[in-house]
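Open the model in a viewer and keep the selection panel at hand.

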Amino acid sequence: MTAAVDAFVTHARETEWSTLTPKAQASIKTFLLDTIGVGVAGSVAPLTQPIRDVAGAGAHISGGAAHLLGGGSGRPADAAFVNGFQIHCQEFDCVHEPAVVHPMATILATLMATADARGDVSGGAFGAALSVAVDCAAGLGAAVKSPLKFFRPATAGIFGATLGACMLRRLGAEDMRNALGYALAFCSGTMQSHLEGKPALPVQIANAAANAVRASELAQLGVAGPHDVFEGPFGYLTLFEDKWDLAPVIANLGAIERITEVSHKPFPTGRAAQGGIVLMGKLREQGVTLETAKAITLTAPPLIERLVGRPIKSDMDANYARLCFQHIGGVALQSGTVGLDDFDEESLRDPAILGFGPRISVVSDGSGDPAAFTPQTVTANLTSGERVTARIDTLFGAPADPLTPAQNEAKFRTCIAARFEGDRGTGIADRLITEIAQLETLEDVRILSRIAAGIEKDPT
């Protein structure tokens, strides 16, 4: 049965910038800006240089090569590998909550590399491919009715990224099916790295982005691949998920634009920790401090406990800490927020946070929804005997409580400034904001990757 594959391929071949709603077009520009900024900031993350070394990324662009966010270049698959890592390595990239998929990391890394290598992609074509890719990746995640088993940003993400790359290559229906077959052949991503707090998570996204490039290249060269890739006996959903219903997703292709369902990450942590950060801020507003809190309990859906309920450790690294609410919650209560600087070596060894962390507990509310992020409640028992509580029903940054345009721009400028300082950083940010605002008018979308790589000259 290839009905699902055929439906996604048809959707890809029928979607253009002009067929997208104004809401989807606005969301594309919003999260394109956000993701480029996050990827630029990731270029100065501690583990980025080894990733660049492995990928063999060079310093100069050449024909058929692609730019790296923050500077440098490489072959398209290698550039996608590096950019995918940089986008996700600080847990600052956007997420589709119902799908439990970070769609833009794999997808944007793939599409930017493909567009750079081709050199004939307009902004409108790029935006349409991005929208379809998110429809595919988030749609596969949204179809699942059982708890997360594999790392879905990579496993579902590779299919969306491959489909989008096929659109940029202007492949026919049969070639698209073949490319999705190779996405299945390359599909991987384990949650073991999450359990251990290792940097293999962004590396898995990097791998998915690189292999999405390769899958589309193989198809363009006429190499046949399997077609029943989603629901076949050894297809993606059959192997990687326990329970799913893809029919509603297929029925709503084009009617539901998944890019409009994507959530910002206001803080550079796992999304599962971000409700707790807001709640710690609410406790702080009520006068709760590290000194006055005897014990704090965050009660949330099972996914939250599973993803960020790990214990604080004196020797933890940033990858572990970004998914440890005992660290993140203490930082948020101490300072009122969590930023990029809260995961450097000094912050990770802060004796006040290390000492306070064990007072924080994350417990499940017993919800039966395996993908729920809310509601969340925090209770602080104070040394005075008083009890203080706070609750949220929507995560900050979600479509129901989005970042304002000013907040989105402020986050973006902070990310750009992490790599490009002073007036140069301001100029790069200004140019990207201007170009992305007029995305559909760009004749050559490579201008975005050039600016984000710190190259001032326009494409020729």
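**Cavities, then cysteines**

Twelve nonpolar, four polar and two charged residues make up the lining of the largest cavity. The model is a predicted one. To find this place, select Val 100, His 102, Phe 151, His 194 and Leu 307, which are the closest to the cavity's centre among its 18 lining residues. The space inside the largest cavity comes to about 170 Å³.

How many cavities of 30 Å³ or more are there? The count is three.

Next, go to the second largest cavity, with a volume of about 80 Å³. Select its lining: His 88, Cys 89, Glu 91, Ser 193, Gly 197, Lys 198, Leu 201, Pro 202, Asn 319, Arg 322 and Leu 323. By class, that set divides into four nonpolar, four polar and three charged residues.

Now turn to the cysteines. How many disulfides does a search of the whole structure find? The search returns zero. Two residues can be checked by hand against the cut-off, which asks for sulfur atoms within 2.5 Å.

- Select Cys 94 and Cys 415. The closest cysteine sulfur to that of Cys 94 belongs to Cys 415, and because the separation is 12 Å, the two are too far apart for a bond. Cys 94 is buried, at 0% relative accessible area.
- Select Cys 166 and Cys 136. Here the sulfur of Cys 166 has its closest cysteine sulfur in Cys 136, 10 Å away, so this pair is also too far apart for a bond. Cys 166 is buried, and its relative accessible area is 0%.

Conventions. Residues are numbered from 1 along each chain as its sequence is written. This is a predicted model: local features need pLDDT of at least 70, side-chain atom pairs count only at pLDDT 80 or more; totals for chains, interfaces and linings use all residues. Side-chain values use heavy atoms; hydrogens and water are left out. Buried means under 20% relative accessible area, exposed over 50%, partly exposed in between (1.4 Å probe, protein chains only). On a 1 Å grid over the protein atoms alone, a cavity is a set of points where a 1.4 Å probe fits but cannot get out, and a pocket is an open set with protein on both sides within 12 Å along at least five of seven lines; lining residues have an atom within 4 Å of a point. Grid points are joined across faces, edges and corners, and a volume is the space filled by probe spheres set on the points. Ala, Val, Leu, Ile, Met, Phe, Trp, Tyr, Cys and Pro count as nonpolar, Asp, Glu, Lys and Arg as charged, and the others, Gly among them, as polar.
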